[in-house]
Amino acid sequence: MECSDMTSPAVLTVQGASVAFDHTVVLDAVNVTAHSGEVLALIGPNGAGKTTLLKAVSDDVALDAGSIVFGDKQLNHWPHLERARALAVLPQFSLLNFPYTVEEVVALGRTPHKTGTVIDNSIVQEAMAAMDISHLKQRAYTHLSGGEKQRTQLARVLTQIWRHDDASPRLLLLDEPTTALDLGHQQMLMQAVGRFASSGVAVIMVVHDVNIAAAYADRVLALKDGKVLAEGPTDTVINAELIASLFGAHVCLVTHPETGKCMVIS
């Protein structure tokens with residue numbers, strides 16, 4: 001993936017974001033900017049504040065201090081329907097126990113729109129193809145494996161902000177999108193996310209696997225104890241010293257022989 005053009009519009013600007021739960025600071029004056037056309041990866045140890053930051057950006061967690069601007073206005077000033085057409089979220093856990101078919105689950109992403117059956121069905125088919133689940137379209141969601149459910153849920157959120165014609169700007173938030181996926185589907189999913197970003201979407205994703213961030217993210221923001229430890233282009237931010245500071249792990253970094261990107265070896 002080519003590095004995004006940093007002159008592209010700032011889809012999201014988070015300034016001084018602070019959140020505390022039960023008098024424990026979870027986010028401490030965090031600043032984040034996400035641009036159209038880029039993938040931004042949030043990395044850090046468990047409890048660093050990554051998911052809380054994602055929930056703050058999706059307006060599921062209120063800030064104690066700071067501000068979040070989405071597009072041209074404060075996040076909480078967006079009408080709910082307009083925001084649903086422009087901002088889509090894949091949570092860490094997607095609970096759905098009703099036996100919808102896969103196609104019906106994916107189609108739920110078009111609920112905020114009024115684009116008609118023909119357009120909506122076309123988008124659903126395209127999203128299922130992108131996630132390699134077309135062959136599962138009539139399968140009951142409750143009968144899927146964990147990885148199949150994950151791909152179905154991602155297809156659903158992609159349909160929500162699939163078209164530039166439906167909303168601008170567009171923002172996709174992913175919390176551990178490669179959970180439960182085998183290696184082949186991890187690669188397929190991340191390549192699809194990269195293509196989606198290149199269509200003019202800003203993507204922010206939480207990942208535990210630093211190699212996923214190194215291979216597929218344009219920029220990285222490293223969090224520890226609710227604070228930003230490092231932020232910037234992936235190839236300049238990810239290094240052995242940062243990994244040691246974040247995780248207390250001693251690693252080696254090597255260059256991938258085909259892509260030229262760094263790889264972390266423990």
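Guide: E241 is exposed, because its relative accessible area is 56% and exposed means over 50%, buried under 20% and partly exposed in between (1.4 Å probe, protein chains only). This is a predicted model, in which local features need pLDDT of at least 70 and side-chain atom pairs count only at pLDDT 80 or more, while totals for chains, interfaces and linings use all residues. Residues are numbered from 1 along each chain as its sequence is written, and side-chain values use heavy atoms, without hydrogens or water.

E241 belongs to helix α9, residues 240-247; helices (H or I, at least four residues) and strands (E, at least two) are DSSP runs numbered from the N terminus. Eleven residues separate E241 from C252 along the chain, and their C-alpha atoms are 9.9 Å apart.

Let us turn to the charged pairs. Side chains of opposite charge can pair when their charged atoms come close. The whole structure contains ten salt bridges, each a side-chain nitrogen of Lys or Arg within 4 Å of a carboxyl oxygen of Asp or Glu.

One of them joins the side chains of D28 and K227, with 3.8 Å from N to O. Because D28 lies in strand β2 (residues 24-35) and K227 in strand β10 (residues 227-233), this pair ties together parts that are 199 residues apart in sequence. D28 counts as partly exposed because its relative accessible area is 30%, and K227 is also partly exposed, at 45% relative accessibility.

Another salt bridge pairs R83 with D59, whose closest N and O atoms are 3.1 Å apart. This pair also links distant parts of the chain, 24 residues apart: R83 sits in helix α2 (residues 80-86), and D59 in the loop between α1 and β4 (65-70). R83 is buried, because its relative accessibility is 11%, whereas D59, with a relative accessible area of 33%, is partly exposed.

D72 is exposed, since its relative accessible area is 67%, while K73 is partly exposed at 26%. Elsewhere, salt bridges that share partners join R110, D120, R163 and D166 into one network.

α1 is mostly covered, with six of its eight residues buried: K50, T52, L53, L54, A56 and V57. Two of these, L53 and L54, also line the largest cavity, as does V57. The search of the whole structure finds one cavity of 30 Å³ or more; a cavity is a set of points on a 1 Å grid over the protein atoms alone where a 1.4 Å probe fits but cannot get out, and lining residues have an atom within 4 Å of a point. The volume of the largest cavity is about 40 Å³, counted as the space filled by probe spheres set on the points.

Its lining also includes L12, V14, V32, L42, L173 and I204. The largest share, three residues, comes from α1, and β1 (10-21) likewise supplies at least two residues. The lining consists of nine nonpolar residues, with no polar and no charged ones; nonpolar here covers Ala, Val, Leu, Ile, Met, Phe, Trp, Tyr, Cys and Pro.

Methods: On a 1 Å grid over the protein atoms alone, a cavity is a set of points where a 1.4 Å probe fits but cannot get out, and a pocket is an open set with protein on both sides within 12 Å along at least five of seven lines; lining residues have an atom within 4 Å of a point.
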